[in-house]
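These are my notebook entries on a structure that I looked up residue by residue.

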Amino acid sequence: MSDFQRIAFEFMYWAEGISAAVSLIFYSRIKDKYWEYFVFYLIFIFLSESIGRWGGLFFEYNKQAFYNYFVIPVQFIFFYWLYAARSFGKMNLFLILSSVYLLSFIPSEFLYSENKVMFSLNYTLGCLILMILVVMEYYKQINDSDILNFDKNRMFYINLGVTLFYIGTLPFWTFLELIKQYREIFNIYFAYFLISGIIMYMLFSISFIWGKQSS
């Protein structure tokens, strides 16, 4: 990585930590509401990234398998729950989308070797499903009678962050093997991946600070 990428990588890690810390500070506002699970999610992400960084110093584990089979699926399934089950109130939709995503691991086992940094098929499908939910959330917010107070809507910040990071980097991870052959394009898109990650976690922090308690 370049010096800029290393710095951005560090900032992204600490942005995750700050987001988790902010969520704990404002935990009393959302205690006993479904938003408290977002706090647990952010703590999970920070702990997972910490294990990814330093876990190898204390125990042996397969880092790629840890992310591909555990961390990334938890991320997608959590957001499916947050959007489909909570924001839209459609538990059946959450169950269907989660099942479709998890079933995509079956063909991935046959189509992709274990040395892939990230499984393209199920990650692409996971992002496409998330993209549909993101568009539905934008539609919901636009048609909300309280649209003028969008800055108090916690989901506005979360949706924007998810758009920039997960949806914005979808082509990068989908066509990673192809993009890696063009170093300049790879470096630009990898830099975007890091910067959008920092912005997303900053927006997550803002969602706790500015988001209204009833949202």
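This is a predicted model: local features need pLDDT of at least 70, side-chain atom pairs count only at pLDDT 80 or more; totals for chains, interfaces and linings use all residues.

Entry 1, surroundings of M12. I listed the contacts of M12 (heavy atoms within 4.5 Å count as contact), leaving aside neighbours within four places in sequence, and found F165, F193, L194, G197 and I198. M12 itself is placed in helix α1, which spans residues 3-25. I take helices as DSSP runs (H or I, at least four residues), numbered from the N terminus. M12 has 9% relative accessibility and therefore counts as buried. The cut-offs I use are under 20% relative accessible area for buried, over 50% for exposed and partly exposed in between, with a 1.4 Å probe and protein chains only. I also looked up one distance across the chain: the C-alpha atoms of M12 and S196 are 8.9 Å apart, although 184 residues separate the two along the chain.

Residues are numbered from 1 along each chain as its sequence is written, and side-chain values use heavy atoms, with hydrogens and water left out.

I next asked which side chain of opposite charge is nearest to E16. By the definition I apply, a salt bridge needs a side-chain nitrogen of Lys or Arg within 4 Å of a carboxyl oxygen of Asp or Glu. For charge, Lys and Arg count as positive and Asp and Glu as negative, while His and the chain ends are not counted. E16 belongs to helix α1. Not counting residues up to four places away in sequence, E16 touches I45, F46, E49 and Y201.

I then followed that list to E49, which is found in helix α3. E49 is likewise buried and without a salt bridge. For E49, too, the nearest side chain of opposite charge is R53, here 5.8 Å away. With the same exclusion of residues up to four places away, E49 touches Y13, E16 and Y67.

Entry 4, salt bridges. I recorded that side chains of opposite charge can pair when their charged atoms come close. How many salt bridges does a search of the whole structure find? The search gives 4, and I looked into several of them.

- R6 and D3 form a salt bridge, with the closest N and O atoms 3.1 Å apart. The two residues are 3 residues apart in helix α1, so about one helical turn separates them. R6 is partly exposed at 44% relative accessibility, whereas D3 is exposed at 57%.
- K152 pairs with D151, the closest N and O atoms being 3.2 Å apart. K152 is partly exposed at 38%, and D151 is partly exposed at 30%.
- E177 and K180 meet through their side chains at 3.5 Å, N to O. E177 is partly exposed at 39%, as is K180 at 36%.

Two packed helices are described by the angle between their axes and the distance between the axes. Helix α3 (residues 36-54) packs against helix α11 (residues 183-210) at about 150 degrees, with the axes 12 Å apart. α3 is therefore roughly antiparallel to α11. I recorded F38, V39, L42 and I45 of α3 and Y201, F204, S207 and F208 of α11 as the residues making the contact. The axes are lines fitted to C-alpha atoms over the stretch in contact, and angles run from 0 to 180 degrees between N-to-C directions. Angles under 35 degrees count as roughly parallel, over 145 as roughly antiparallel, 65 to 115 as roughly perpendicular and the rest as oblique.

The axes of helix α5 (residues 91-103) and helix α7 (residues 120-142) come within 9 Å and cross at roughly 160 degrees. These two helices are therefore roughly antiparallel to each other. On the α5 side the contact is made by L93, L97, V100 and Y101, and on the α7 side by N122, L125, G126, I129, L133 and M136.

Leaving aside neighbours within four places in sequence, N122 is in contact with Y101, S104, F105 and S108. The C-alpha atoms of N122 and F105 are separated by 6.1 Å, and the two residues are 17 residues apart along the chain.
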